[in-house]
Amino acid sequence: MVSVLNTIDTAHEDMVHDAQLDYYGTKLATCSSDRSIKVFDVRNGQQTLISDLTGHEGPVWQLAWAHPMFGSTLASCGYDRKVIIWKETNGTWAKLYEYSNHDSSVNSVAFAPHEFGLLLACGSSDGTISILSSTGDGTWDSKKINNAHSIGCNAVSWAPAVTPNALFDTGNRPPTVKRIVSGGCDNLVKIWREEDGQWIEEQKLEGHSDWVRDVAWAPSIGLPKSIIATCSQDCRVIIWTNDGTSNTWSSKVLQKFNDVVWHVSWSITGNILAVSGGDNKVSLWKESTEGQWVCISDVNKGQGQISEGQRTLQ
Amino acid sequence: MAVQWSTEQFFAEYKDLQASAMGVDCVGQWALLAGRKALALVNLNNTDNVIKVARKSKWEISCVQWNPHASHAPIFVTASNQRLDVYTWRDGTAEHKCNLKAHSRTVSDVDWSPFDVNIVASCSVDTFSYLWDIREPKKPIASFQTVAGAYQVKWNKVTNNQFATTHEGDLRIWDPRKGNMPLTYIAAHLSKIHGLDWSPSSQDHLVTASQDCSVRIWNWKNHQRSEGMISLKDVPVWRARYTPFGEGLVTGVVPQLRRGENSLYLWSLENHNQPVHAFMGHKDVVLDFQWRKQSPDEVDYQLVTWSRDQSLRIWRIDSALQKLCGHHVAVADNDTSTQQTSLLTSRLPEDLSKSNTSLIEEQMATSFNTNMGTQQLQSLINEFSLINSNIPNVTIEGMDAVYRKCLVKAVSGKRSVILNLTFPAGYPNGEAPVFQFSETSLDPSMEKKILKVLKDTSLKHVQRNMVCLEPCLRNLISSLDSLTLEERRTPDSEVPFDLTSTTAVQAKSFNSKRFRTSYGNFQDSNIPFPRTSGASFCSAGYLVVYGRPADLKKSSADVTPKALSDMVVYNQVHRMKAPQPQTPYVAMFSCSPPPATQMMEYPCTISNFYTYKEKRQRTRSRSKHIKDVPDIPRRESNNVKSTKSKPKVGFVRVYDASNLLPIHRQLAEKYILDVNDVSNMCSANANAASAVGRKDLVQLWSLAAAMYVKTNDSHSREMFLESPWALCSLGRPLLESLLDHYCKIQDIQTVAMLCCMFWTRETIAKPKRSISKTSMDYSPANTDVGINYMYLGSSADSGWNILPMVKGRRSNSWSDSYDDFRIFEEEIEQGVDQEQLQYEKDSKMLNPDKAGLYDQYKIAYANILYKWGLINQSALIMKFISFPVQPERNCDFLIKCSSCNQTTETPQCTNNHIALKCSICRTGVRGASNFCLACGHGGHTKHILDWFEKETECPTGCGCNCLSKNPMIFGW
């Protein structure tokens, strides 16, 4: 059911740490321990290297594409404590902004839903989360959540921009609340809410017994319900749900895996969760109508080993 | 710039030695590790070759030193308790030559004379320093007594007959020919001096490292104050030693303190603020470090370190690093100032024993021979080229050595100045540059103060024939900072968030960050081990998967490490097994790109954790050990080839995962949304659904068609007689349960289509707002955006003021804001038939109360369509939104009432004054009006137009040239 559309040889000299397609699925950005970021054109099965972005002084951990209304914009973060925002203008990629106000490795970057403007959250091993916002005239503001996670923040993810219990009148519809979920080395998952320009801790979710490695807020299809997936060094993936009316979050352990779980990612409709970890495997999970999470596939990423016959996987 | 750092090139652990001192011989072949139980000699060219010489003593060895003369290289001296022992290292045995006994307490330091192969100096806390001739070991040949105990003794490396000793915080320079009378006495530090070193190139310079957390550089001939100080914040300094190349220093911290800060720092003497490099990796404090060259003709130096973690490490100092210390920078220095010469010139590497005073003299001679004019030009060019352009908040806008000018911009808070410097021909020999502000935002008093500071600074320097540009700039910014400090402390109403001056923020963080910018320290201990594989859903329906090649396996235990720092441990363990000098852990992390060759040589980093599985032994049942062991010799034998031939980077694959989604792109393309011909639409959509195999949707569309027909019927005239169709069980309840179902399976496509189909436009026709008659609707300011009010007019007596409210938002054009002057119909008549309203509400298939939620569905689906590139379909869906997002506005206008000074959005303030007052006729304005955006004055359109037919300035006399400032408003 899942078929390979494209196989890209990135020609990175070292481990690849992230790969992201842009909004339309036409450009692929990859980042690596070799300190570079590569952008490929992957339309129609091709793989043309558009740009090789160098500027980080250490391995690059994560990438994030901005919404196309802000142009072709990419954010990257890495071991060198920097966050770099790259932008394409007239076909050439260049550094748009460099933020180096973190005291340790920056592990995660995520652009906010476009409704909020060009807004970037960065989680760092120095325990803080930075929120960078473009003022539109080329300068950037930054706000910091200090000591967000005491010994390091490993992941950040934005809540979708959904109006809370959508009201009926244009006039008094409350402004959409900005929320971030973050995970860190204190084994906690925290939800932050912006209030009067300040970020305050709204919720602390305890459930993992080791470092939280990734958090992912599920995309919304309009319902007030919120779903967050988190994964951890403790080899577990937890799905947290909130009904949108109360402050309580219920948790459900997806499964205990055999190795560290590094990454969780939601499909666009929020019905499938991709889980990947230290064992070099990917599994896809779906919630059944009874509310049970079932594994619907197990893609063994034996890269270069998948033969033509194995191109379709289920 | 951030500090570079590197980890060692070589690592070996000798746990059993318990060595407390280390020395490297002058040839660079042997390292002596001396402990209480044994002396161990490590062959640095083949570190497996460790020869131990047992030693029976209850005393630790406090220090060791090899003879610095190549002819007597195998001789070394050790100090233990009160005595010195001299050994000769020959043919694998250490032959004890003699012992030197005279001290009455522990010997604290020894040093071979660099000029006489037989002379050793020693010092002790017994207050004596002795010179020994090892041919006459019976008693010292000279003794020097002081009041305080001596801790360090070091010979001058350039001039004979000179050595220095330290006593607590003091420094004494001795000439052995002059007996027990020091040449100089310098009160160098406030606390104990731990380390002392003479410059290898300048006869008068030495460096001291002290408990007071600073390193000072001295010219002992001019010892009133130190020539430079490196402050290491709150870390006491154990050793500071000159580099054998360029002008650099290496510092290490005090062993007694366990602070987790075990790095050695490399400093360039040109920059005392920030180390240029850090050597990281030792798990405990470094006890000693020495320089070595593998062979005399090799360019790279090596730094050999021994730490209390009982590991010996060797760090490579390649030419790039040496360059950072000023080595190989071929700048001809013609500066007449000797002090500058000694600090700034770079020199060729020299044998330590060879004096280079002659070289300096040569340079001086040539500089005097050259033409005076070109020399001054040259000296200015030099100064410009050497200036550290990284002074915070100071940018050098331009420098021209020919015209002898320099343009500098300094920013502090919201104050900024542009300073012009002109260097007279006599500069820097007694003539100070001329300072002139060309553009400032300072008060005249501030300006005066700063100019005075600059003049003082420059005079101080040029009187001693020294260049002064950099000190002047540093003083410029520091005095600017201190002058504006008060200002910045008080909250500034105009700058709600002090981020407008990011430079100031940087300045604040600059100092505190100085030592944090070195990578790999304690802040970096919790960096998670990076992902090497992963899968992300991207865009609409793509799954991007990246990972390691299948044959690249985890090489250690079953569990992947948690933190990146765990891998360092792993690497070290494995390097022990492989004796060949191995890769420095993550050399690629260092700042400057290592030379390409080096990259090839060291294919290291995170991928080290993974090793290639041997093809032959695919059987998984084998234990980890068997898997690992054959791997190591292979890596040894052709390190480069094996990693080059096998990629350690897997492919990135893009999968089409759209089939997993409950939505279909094909349907999105085929679906029709035409509420005017519902039956046709439903049958077409049902066909489309059957084409993609969604049988449930085929049913759904035929059902929807049936439901829709009924809704139209329900609009009969007898509305009050029967309940509307929508309220019967096959109406709204059915539709809602359908929506619920498709929501649950996240089929946003179907949900959104149904919402659009059953949407009735009337819902929004009459906004239920209680607005007074025919009012202009200025939408309230968007509260989540910071708003800067700009009060443009202030003369209260001369008309009315318009307060444009500028929102800090990117967005559309001007015209948008005019569109928003919406005139609403009058309030729905009182006594509206509630029953009828209720009926209208009830007759809708979709509950109008949930319109907001249904909008969310439509927006979510429209976003997905947009991602698919189906922009027309996306726009079509967006047409069905009940509450369209209002176009963002850049600029709103508030009116300040001319009578009561209240701000209002309407022509009348809350006190029912007419807020606008014409500046010409001085009466209230009810009709059309014009106003000046700059001064806020204006009035009746007719009056204003008449006025500006002849005039260009504001009628109030405020001096505003309204016509030129608002050509669009008044010009036509």
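## A residue in a loop of chain A

Asn147(A) is partly exposed, with 13 other C-beta atoms within 10 Å. The count explains the label, because a residue is buried at 20 or more such atoms, exposed at 12 or fewer, and partly exposed in between. Asn147(A) sits in the loop that links strand 13 (140-145) and strand 14 (153-158) of chain A. The model is a predicted one.

The backbone of Asn147(A) deserves a look as well. Its phi is near 50 degrees, a positive value in a residue other than glycine. Most residues other than glycine have a negative phi.

## A buried loop residue

Now turn to Arg81(A). Is Arg81(A) buried or exposed? Arg81(A) is buried, with 27 other C-beta atoms within 10 Å. The cut-off for buried is 20 or more, so the label follows.

Arg81(A) belongs to the loop between strand 7 (73-78) and strand 8 (83-89) of chain A. Arg81(A) is not a glycine, yet its phi is positive, about 70 degrees.

## Two hairpins in chain A

Strand 7 and strand 8 of chain A form a hairpin with 4 residues between them. Arg81(A) is in the turn of this hairpin. The two strands pair in the antiparallel sense over 5 bridges. Across the pair, Cys77(A) stands opposite Val83(A) in strand 8 of chain A.

Strand 8 of chain A also pairs with strand 9 (residues 92-99) of chain A. These strands run antiparallel and are joined by 7 bridges. Ile85(A) has Tyr97(A), in strand 9 of chain A, as its bridge partner. Which residue takes a positive phi in the hairpin of strand 8 and strand 9 of chain A? Asn90(A) does, with a value near 50 degrees. This hairpin has 2 residues between the strands.

## An open sheet in chain A

Four strands of chain A make an open sheet of 4 strands, in the order 10-11-12-13, with antiparallel pairing. Strand 10 (106-111) and strand 13 of chain A stand at the edges. Each has a single partner strand, so one side of each is left without a neighbour in the sheet. The twist from one strand to the next averages 20 degrees.

Strand 10 of chain A is joined by 5 bridges to strand 11 (residues 119-124) of chain A, and the two run antiparallel. The bridge partner of Phe111(A) is Leu120(A) in strand 11 of chain A.

Take residues 99-131 of chain A: the span is 0% helix and 48% strand, and its end C-alpha atoms lie 11 Å apart. Residues 205-240 of chain A are 0% helix and 56% strand, with end C-alpha atoms 9 Å apart.

Residues 186-219 of chain B are 0% helix and 59% strand. The end C-alpha atoms of that span are 10 Å apart.

## Chain B as a whole

How many helices and strands does chain B have? Chain B has 24 helices and 46 strands. Of the 972 residues in chain B, 42% are buried. Among contacts in chain B with a separation of 6 or more, 51% join residues 24 or more positions apart.

## An open sheet in chain B

Chain B has an open sheet of 4 strands in the order 30-31-32-33, with antiparallel pairing. Strand 30 (394-400) and strand 33 (434-440) of chain B are at the edges. Each has a single partner strand, so one side of each is left without a neighbour in the sheet. Neighbouring strands of this sheet are turned by 20 degrees against each other on average, direction ignored.

Strand 31 (residues 405-412) and strand 32 (residues 415-422) of chain B pair in the antiparallel sense over 8 bridges. Ala410(B) has Val417(B), in strand 32 of chain B, as its bridge partner.

## A helix pair in chain B

Helix 20 (residues 851-867) and helix 21 (residues 871-878) of chain B pack with their axes 8 Å apart. The angle is about 170 degrees. The two helices are therefore roughly antiparallel to each other.

Which residues meet here? From helix 20 of chain B they include Tyr861(B) and Leu865(B), and from helix 21 of chain B they include Ile877(B) and Met878(B). By class, the contact has 7 nonpolar, 2 polar and 1 charged residues.

Technical notes. Residues numbered from 1 in each chain as written. Chains lettered and ligands numbered in written order. Predicted model: local features only at pLDDT ≥ 70, side-chain atom pairs only at ≥ 80, totals over all residues. Axes fitted to C-alpha atoms, helices over the stretch in contact; angles between N-to-C directions. Parallel < 35°, antiparallel > 145°, perpendicular 65-115°, else oblique. Contact = placed C-beta atoms within 7 Å. Nonpolar A, V, L, I, M, F, W, Y, C, P; charged D, E, K, R; others polar. Pairing = 2+ DSSP bridges.
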